[in-house]
Amino acid sequence: MHQNPQKEDWERIANEFWEIWNFQNCIGALDGKHVVIEAPPNTGSLYINYKKTFSIVLLALVDAQYKFTVVDIGAFGKNSDRGILSHSNFGKALEKNKLNIPNNRALPGTNEKLPYVIIC
């Protein structure tokens with residue numbers, strides 16, 4: 001990540017998820033995409049994915065309008081989604097609570113405060 005989204009950015013994204021998708025307290029949709037590559041020399045099975053092709057992984061978080069918010073590119077194809085997320089700068093910052101994500105917010109029309117979420 002070059003620049004962490006700020007609290008106001010996450011709130012704007014959550015508001016857009018509510019307005020566009022009727023999904024409350026959501027700050028992003030996360031997914032990974034295997035990008036097929038030619039096997040680099042002398043890398044053994046590092047890049048072989050579950051489909052038995054060579055790949056690197058694009059991990060991306062997008063906002064409610066499909067715009068990239070966070071990307072991580074280059075994980076080995078053999079790695080699991082969980083492993084890729086936990087070893088990415090984004091995953092490490094999320095785990096350490098360093099992403100400026102706002103505190104819990106009340107769901108629309110209620111007083112019940114719930115955390116912000118990322119859908120996968």
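Q: Which cysteine sulfur is closest to that of Cys120, and how far away is it?
A: The closest cysteine sulfur to that of Cys120 belongs to Cys26, at 9.3 Å, which is too far for a bond. This is a predicted model, and the distance comes from its coordinates.

Q: What cut-off would a disulfide have to meet?
A: The two cysteine sulfur atoms would have to lie within 2.5 Å. The count of disulfides therefore comes to zero by this rule.

Q: Is Cys120 buried or exposed?
A: Cys120 is exposed, with a relative accessible area of 80%.

Q: And Cys26, buried or exposed?
A: Cys26 is buried, its relative accessible area being 0%.

Q: Changing topic to the sheet: what is the strand order?
A: The order is β3-β2-β1-β6 in an open sheet of four strands, and the pairing is mixed.

Q: Which strands are at the edges?
A: The edge strands are β3, residues 68–76, and β6, residues 117–119, each of which pairs on one side only. From one strand to the next, the twist averages 20°.

Q: How many bridges hold β1 and β2, and in which sense do they pair?
A: Strand β1 (residues 26–36) pairs with strand β2 (residues 55–62) over eight bridges, in the antiparallel sense.

Q: Which residue of β2 is the bridge partner of Ala29?
A: Val62 in β2 is the bridge partner of Ala29.

Q: What about β2 and β3: how many bridges join them?
A: Seven bridges join β2 to β3, and these strands run antiparallel. Leu58 stands opposite Ile73 in β3.

Q: How many residues separate β2 and β3 in their hairpin?
A: Five residues lie between β2 and β3 in the hairpin. In the turn, Tyr66 has a positive phi of about 65°.

Q: How many residues of β2 are buried?
A: Six of the eight residues of β2 are buried, so this strand is mostly covered.

Q: Where does helix α1 lie relative to the sheet strands?
A: Helix α1, residues 7–21, lies across β1, β2, β3 and β6. The helix runs at about 90° to β1.

Q: On to the aromatics: how many pairs are there?
A: The count comes to two aromatic pairs. One of them is formed by Trp21 and Tyr66, in an edge-to-face arrangement with 6.1 Å centre to centre and 70° between the planes.

Q: Where in the chain are Trp21 and Tyr66?
A: Trp21 is in helix α1 and Tyr66 is in the loop between β2 and β3. They are 45 residues apart, and the pair links distant parts of the chain.

Q: How accessible are Trp21 and Tyr66?
A: Trp21 counts as partly exposed at 44% relative accessibility, whereas Tyr66 is exposed with a relative accessible area of 60%.

Q: Why is the pair of Tyr47 and Phe76 edge-to-face?
A: The planes of the Tyr47 and Phe76 rings stand at 90°, and planes over 60 degrees apart count as edge-to-face. The ring centres are 5.0 Å apart.

Q: Which parts of the chain does that pair link?
A: Tyr47 is in the loop between β1 and β2, and Phe76 is in strand β3, 29 residues apart.

Q: What is the relative accessibility of Tyr47 and of Phe76?
A: Tyr47 is at 14% and counts as buried, while Phe76 is at 28% and counts as partly exposed.

Note on methods:
Residues numbered from 1 in each chain as written. Predicted model: local features only at pLDDT ≥ 70, side-chain atom pairs only at ≥ 80, totals over all residues. Heavy atoms only, no water. Pairing = 2+ DSSP bridges. Helix = DSSP H or I, 4+ residues; strand = E, 2+ residues; numbered from the N terminus. Axes fitted to C-alpha atoms, helices over the stretch in contact; angles between N-to-C directions. Contact = heavy atoms within 4.5 Å. Phe/Tyr/Trp six-rings, centres within 6.5 Å; stacked < 30°, edge-to-face > 60°. Buried < 20%, exposed > 50% of the residue type's maximum accessible area, 1.4 Å probe, protein only.
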